[in-house]
Amino acid sequence: MLDLLIRGGMVVTPAGTGRFDVGVQGEKIVLVAESGVVDLESARTLDASGKYVLPGGIEPHTHIATGVSPAWAGRSGVMTQSPEAASRAAAFGGVTTYVDFAGGMPGTENGDRTDKSIMSRLDERRSTFAGHSYTDFAFHYTLSGEVPAKAIGEIREAIQAGVASFKIFTTFDNKVGYGHLWAIFEEVGRSGGIMAVHAEDDDIVKYMEKKLVREGNDQGYNLHLVHNNISEDISFRKIVRLAEHTQTGIYFVHTTAKEGARAIADARMKQLPVYGEALHNYMHFTSEHYKQPNGTSVHTYPAIKFAEDRDALQEALADGTLSTTATDEYTTYKDVKLSGNTIHTVCGGHNGIETRLPVVYTKLVSTGRVSIERFVDITSTNAAKILGMYPRKGAIATGSDADIVLFDPDLKKTIRLEDLHADSDYSIWDGFECGGYPVTTILRGKVIMEDGQLLGSPADGRWLERSVSPGVLANPVC
Ligand SMILES: [Zn+2]
């Protein structure tokens with residue numbers, strides 16, 4: 001007898017979309033069959049008629065339980081929301097896995113200038129989340145500053161232990177210079193990992209900061225002039241060149257400009273294993289919004305650009321140039337988010353993890369720009385592939401984890417702050433009208449959210465060991 005049978009939904013599987021029944025035994029999917037053909041006993045049956053049955057959303061870019069720079073928060077000791085709160089919001093948003101960070105973050109005191117090994121810092125980070133997450137989780141490991149040879153020597157061990165992806169910044173306090181990057185890329189490439197890169201041209205960023213201060217134009221609403229299109233163009237192309245020389249796979253976090261999308265497209269034309277992510281706020285807002293009252297609430301670094309960039313990102317998600325959507329989840333309360341109002345002090349990130357699936361669906365599927373299959377690719381499957389979790393995650397297929405979301409395309413819902421589940425008092429999506437919404441979330445066979453009720457436990461989520469398949473690192477496969 002099955003533990004769970006999901007009947008009659010429109011199921012998106014790697015082998016095609018159709019009206020299938022999905023059978024779950026324990027934590028795994030054990031059956032995907034034409035609906036109604038097999039008569040099976042099940043302890044519980046969910047009627048999914050009229051709904052999409054999709055692999056649980058994978059959020060590849062979150063900053064949970066991390067120290068907020070005092071320069072941004074206006075005071076010290078502020079943290080982004082806890083794993084309990086963020087993963088609770090995730091469950092309500094149809095997300096079953098998120099990838100956060102271990103290691104150093106810019107602007108905080110926990111950079112890599114410590115003697116602790118990568119593995120011990122990973123263990124510390126894991127213990128912060130274990131027992132406190134409603135959904136599964138993993139970590140990119142952030143390397144920062146002048147990364148010592150000893151740390152580079154530990155990369156292989158970390159990859160073998162299931163870390164799979166390393167994050168670096170090319171700007172901010174913890175930027176890694178190109179010399180050290182060369183060594184890091186070589187070691188990550190050789191060891192079968194992938195680089196997650198926040199690319200900006202530090203020279204241009206710093207030059208523009210000084211210029212705007214000098215000219216009295218350093219208001220926060222000018223952030224897009226600092227973290228600008230040319231900076232993205234130059235930095236993306238330099239990273240691609242370094243990756244080509246070292247045979248390293250690249251995952252560009254938050255592509256923000258048409259120039260970044262173009263650089264990724266050019267690399268992929270050369271069959272380089274280069275992948276790009278877009279954040280859901282960049283698909284909707286433009287830098288014009290910064291000038292509205294409290295307008296920098298929509299800001300995440302690098303910076304939201306122009307209408308043509310917003311449109312180019314959507315087009316790149318539709319045509320296959322970009323592979324994933326994310327939120328850069330970084331939830332604080334409004335007083336922190338709006339504390340700084342200059343180009344040096346506007347707080348990055350936003351309250352995001354819950355809203356990505358409905359926003360992306362509304363922007364791209366409701367408008368007829370992408371298919372439901374492409375929606376699944378850019379919200380789940382591709383992140384699983386690129387970051388080494390596929391086919392355990394990101395697929396409705398026999399043998400995969402039973403991470404499943406029932407998505408109702410007839411539920412037209414206007415997002416209201418009071419309906420969201422983060423520990424926060426603002427949402428940039430308050431008032432946004434969704435063309436569909438997740439109604440049930442299943443994590444490894446357990447229904448953790450159903451019809452607005454949280455049914456999971458913070459003990460449910462587990463850390464995921466990841467390993468990137470060689471094919472993903474050979475060519476751009478998704
Ligand atoms: Zn980030």
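Which residues does Tyr390 touch, not counting residues up to four places away in sequence? In this predicted model, local features are reported at pLDDT of at least 70 and side-chain atom pairs count only at pLDDT 80 or more, whereas totals for chains, interfaces and linings use all residues. Residues are numbered from 1 along each chain as its sequence is written.

With residues up to four places away in sequence set aside, Tyr390 touches Thr381, Ala384, Lys385 and Ala395; two residues are in contact if their C-beta atoms, placed from the backbone, lie within 7 Å. Tyr390 is located in the loop between α14 (372-386) and β14 (404-408), where helices (H or I, at least four residues) and strands (E, at least two) are DSSP runs numbered from the N terminus. Tyr390 counts as buried because it has 24 C-beta neighbours inside 10 Å. A residue is termed buried if 20 or more other C-beta atoms, placed from the backbone, lie within 10 Å of its own, exposed if 12 or fewer, and partly exposed in between. From Tyr390 to Ser380 the C-alpha to C-alpha distance is 9.8 Å, at a sequence separation of 10 residues. Tyr390 is joined to Pro391 by a cis peptide bond, with omega about 5 degrees. In general, most peptide bonds are trans, and most residues other than glycine have a negative phi.

Positive phi values occur at two aspartates. Asp328, with phi near 60 degrees, is placed in the loop between β13 (324-326) and α12 (334-337) and counts as buried, with 24 C-beta neighbours inside 10 Å. Asp451, with a positive phi of about 45 degrees, lies in the loop between β18 and β19 and counts as exposed, with 8 C-beta neighbours inside 10 Å.

Helix α9 (residues 229-246) packs with helix α10 (residues 258-269) at an angle of about 20 degrees, and their axes are 8 Å apart. Axes are lines fitted to C-alpha atoms, for helices over the stretch in contact, and angles run from 0 to 180 degrees between N-to-C directions. The angle therefore makes α9 roughly parallel to α10 (under 35 degrees; over 145 is roughly antiparallel, 65 to 115 roughly perpendicular and the rest oblique). The contact involves Asn229, Glu232, Asp233, Phe236, Arg237 and Val240 of α9, together with Glu259, Gly260, Ala263, Ile264 and Ala267 of α10. After α10 comes Gln271, whose phi is positive, near 65 degrees.

Helix α2 (residues 83-92) is largely enclosed by the rest of the structure, because nine of its 10 residues are buried. Among these are Pro83, Arg88 and Phe92. The buried residues of α2 pack against β6 (57-59), β7 (95-103), α3 (118-129), β17 (437-443), β18 (446-450) and β19 (453-454).

Pro60 occupies the loop between β6 and α1 (70-73) and is buried, with 30 other C-beta atoms within 10 Å. Beyond its neighbours within four places in sequence, Pro60 is in contact with Val99, Glu277, Thr324, Ala326, Ala383 and Leu387.
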